[in-house]
Amino acid sequence: MPLAPEVLLQAGLAAGLFSPGQLERWQQQARRKRQGVLEYVTAQGRFPLAALYRAVAQQRGLPFADLNTARIDPRLWSRLPGALRARGSVVPLHQENGTLHVATVDPDDQATLDRLARQFGCRLQVHLADPEALRRLSARAVAPAGTASPGAASTGAVELMDEVIQQAFLHRASDVHVEPTTQGYQIRFRIDGRLQPFLADLDRATGVSLTTRVKVLAGLDIAQQRAPQDGRFSYQPPGREDVRLDIRVATIPTRWGERATLRLLGCETVQLELEALGMVGEDLELFRRAIRAPHGMVLLTGPTGSGKTTTLYAAMSELDRTQRNILTVEDPIEYLLPGVSQIQVDGQLVTFASALRSLLRHDPDVIMVGEIRDLETADVAIKAAMTGHLIFSTLHTNSALGAVTRLVDIGCAAYLVASTLQVVVAQRLVRRLCRHCRRPRTVTPVEAELLGVEPEATIYEPSPGGCAACLGSGYFGRLGLFEPLEITPELRRRVAAGANQSELEQFLQGKYKTLRQDGFAKVLQGLTTLSEVLQATV
């Protein structure tokens with residue numbers, strides 16, 4: 001039998017997954033709404049049930065078995081007594097040096113463990129596992145080759161789809177990849193910018209059924225499997241009335257079958273803070289001065305997925321929305337902000353340029369344009385900034401200075417760019433070290449020279465195996481690296497005079513903080529690792 005809820009919740013409390021006050025409040029709300037306490041707590045805390053089982057393993061000094069990619073040795077499975085197979089609470093994983101490694105949901109079930117030891121005639125190494133992952137692994141072991149019962153497939157594509165999206169939400173995934181392989185299908189989640197396996201070996205029939213279910217939800221043509229399609233649908237996670245996921249779907253045919261990618265966008269009311277994103281000190285003061293200016297343009301730049309739009313939402317959250325008319329045009333709307341009128345681009349009737357022109361007739365004080373993609377949008381935005389409006393937008397360039405020259409390159413007049421820009425901020429995202437399990441170490445001589453610190457300086461690294469809070473990864477969440485470039489009077493004159501990028505780089509050398517310098521500062525603060533910064537700022 002799975003562990004009692006009280007045991008799991010107390011372990012989660014000890015591991016720092018939630019505070020005593022949160023737990024008490026969530027338990028009361030669960031009783032009032034007549035919902036299961038574990039389901040309600042995990043939904044409110046936004047972590048999977050596996051986090052609580054990992055917390056118990058951490059508390060008892062047991063290894064935790066991540067069964068999403070595990071495989072059972074068929075010879076060991078065949079020796080497992082039928083009654084234990086049917087119960088689905090324990091599975092043998094592998095045998096090594098006279099020790100049988102087993103995964104169980106109940107390490108206190110000594111009778112079952114003793115029976116296994118007698119059956120296999122060797123010592124046991126017990127690994128704790130969460131029930132859902134163990135059930136999926138058992139189902140894959142039971143299913144004969146080529147049949148459709150891996151994971152939750154036996155309950156149908158509808159139930160499996162619900163489980164995948166629910167788990168993606170609880171794991172804080174931004175994307176779900178349903179991918180055909182040579183053997184069948186696999187499902188991977190993108191968590192904190194990195195792909196991680198969720199279901200490793202779905203059979204082909206189940207994968208096709210799941211892809212069809214995705215297409216039905218997204219309103220796509222299920223009969224068309226030879227051409228790419230795009231769609232969307234919404235989903236409300238159980239236990240979270242305040243959250244509504246907008247899920248964007250893209251399908252495409254591949255060598256081994258049709259692939260689907262789901263982007264999860266949390267359409268929820270949030271309170272974002274610039275400090276929480278990683279912008280601090282002089283950078284924060286400079287950015288706040290720019291966003292509180294009466295007019296001009298503020299640009300965020302960086303590659304796709306670098307957090308630019310989130311930073312702009314945080315900026316708008318700091319503005320007085322009761323006395324200022326704030327309008328946005330976005331593709332898609334990622335967060336809901338009270339007091340802000342948000343417009344969704346559809347690519348046909350409503351484009352960035354057409355919507356921006358219309359918004360200028362609605363007496364705006366601040367306009368946020370999701371992205372400047374072409375000369376038409378850039379021209380309207382710059383002219384709006386010249387006529388007394390404050391414009392926020394994003395651009396795809398590698399550096400802050402690159403955004404200035406990019407606007408000129410696409411056809412904007414250099415003198416208009418120089419006169420309207422207030423500040424440009426280049427941004428990248430790195431994984432944030434888990435505050436519960438990070439561990440300190442002394443820098444190496446090479447690292448000390450790179451960081452410009454003394455040889456005895458301390459930096460932090462992820463703990464091997466992680467903890468319950470970070471689900472074993474050593475990282476939890478992401479952190480922004482920022483490169484703010486203030487458009488000073490001297491820089492304005494040079495831009496207006498038509499200086500090229502190399503001339504501007506020479507002029508600005510050493511006069512502003514780069515992305516890598518900001519990253520190094522955050523490494524020394526113990527917020528992230530040197531490898532993360534070097535990878536993000538190549």
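# A chat about a predicted model

Biologist: Starting with Val538, is that residue buried or exposed?
Modeller: Val538 counts as exposed, because its relative accessibility is 88%, and anything over 50% falls in that class. Please keep in mind that this is a predicted model.

Biologist: How far apart are the C-alpha atoms of Val538 and Arg516?
Modeller: Their C-alpha atoms are separated by 8.6 Å, while along the chain Val538 and Arg516 are 22 residues apart.

Biologist: Let's go to the other end. At what angle do α1 and α3 pack?
Modeller: Helix α1, residues 5-14, packs against helix α3, residues 37-45, at an angle of about 25°, and their axes are 10 Å apart. That angle makes α1 roughly parallel to α3, since angles under 35 degrees are counted in that way.

Biologist: Which residues make that contact?
Modeller: From α1 the contact uses Pro5, Leu8 and Leu9, and from α3 it uses Val37, Leu38 and Val41. Sorted by class, the contact of α1 with α3 has six nonpolar residues, with no polar and no charged ones. As for handedness, α1 passes α3 in a left-handed crossing.

Biologist: What about α1 and α2, are they roughly parallel or antiparallel?
Modeller: Helix α2 covers residues 20-33, and α1 packs with α2 at an angle of about 150°, with their axes 10 Å apart. The two helices are therefore roughly antiparallel to each other, and α1 passes α2 in a right-handed crossing.

Biologist: Which residues meet there?
Modeller: Leu9, Gln10 and Leu13 of α1 meet Pro20, Leu23 and Gln27 of α2. By class, this contact of α1 with α2 has four nonpolar and two polar residues, and no charged ones.

Biologist: Switching to α20, which of its residues are buried?
Modeller: In helix α20, residues 501-508, the buried residues are Leu504, Phe507 and Leu508. Seen down the axis of α20, they fall within an arc of 90°, so they line one face of the helix.

Biologist: Why would residues three or four places apart point the same way?
Modeller: An α-helix has 3.6 residues a turn, so residues with that spacing point the same way.

Biologist: What do the buried residues of α20 pack against?
Modeller: They pack against α16 (400-409), β18 (475-486) and α19 (489-496). With α16 in particular, α20 packs at an angle of about 145°, with the axes 10 Å apart, and α16 passes α20 in a right-handed crossing. That contact is made by Leu401, Gly402 and Thr405 of α16, together with Gln501, Leu504, Glu505 and Leu508 of α20. By class, it has three nonpolar, three polar and one charged residues.

Biologist: Which residue with a positive phi follows α20?
Modeller: Gly510 follows α20, and its phi is positive, near 80°.

Biologist: OK, now α14. Which residues are buried there?
Modeller: Helix α14 runs over residues 352-359, and Phe352, Ala353, Ala355, Leu356 and Leu359 are buried in it. Seen down the axis of α14, these residues fall within an arc of 165°, so they line one face of the helix.

Biologist: What covers that face?
Modeller: The cover over the buried residues of α14 includes β11 (326-330), β12 (340-344), β13 (366-369) and α15 (375-386).

Biologist: You mention β11 and β12. Which proline lies in the loop between them?
Modeller: Pro332 has its place in the loop between β11 and β12. The peptide bond from Asp331 to Pro332 is cis, with omega near 0°.

Biologist: And what is in the loop between α14 and β13?
Modeller: Asp363 lies in that loop, and its phi is near 50°, a positive value in a residue other than glycine. At 61% relative accessibility, Asp363 counts as exposed.

Biologist: Last one, what is phi of Asn97?
Modeller: Phi of Asn97 is near 50°, which is a positive value in a residue other than glycine. Asn97 is found in the loop between β1 (90-96) and β2 (99-104), and at 71% relative accessibility Asn97 counts as exposed.

Note on methods: Residues numbered from 1 in each chain as written. Predicted model: local features only at pLDDT ≥ 70, side-chain atom pairs only at ≥ 80, totals over all residues. Heavy atoms only, no water. Axes fitted to C-alpha atoms, helices over the stretch in contact; angles between N-to-C directions. Helix = DSSP H or I, 4+ residues; strand = E, 2+ residues; numbered from the N terminus. Parallel < 35°, antiparallel > 145°, perpendicular 65-115°, else oblique. Left-handed = near helix turned anticlockwise from the far one by under 90°. Contact = heavy atoms within 4.5 Å. Nonpolar A, V, L, I, M, F, W, Y, C, P; charged D, E, K, R; others polar. Buried < 20%, exposed > 50% of the residue type's maximum accessible area, 1.4 Å probe, protein only. Arc of directions from axis to C-beta.
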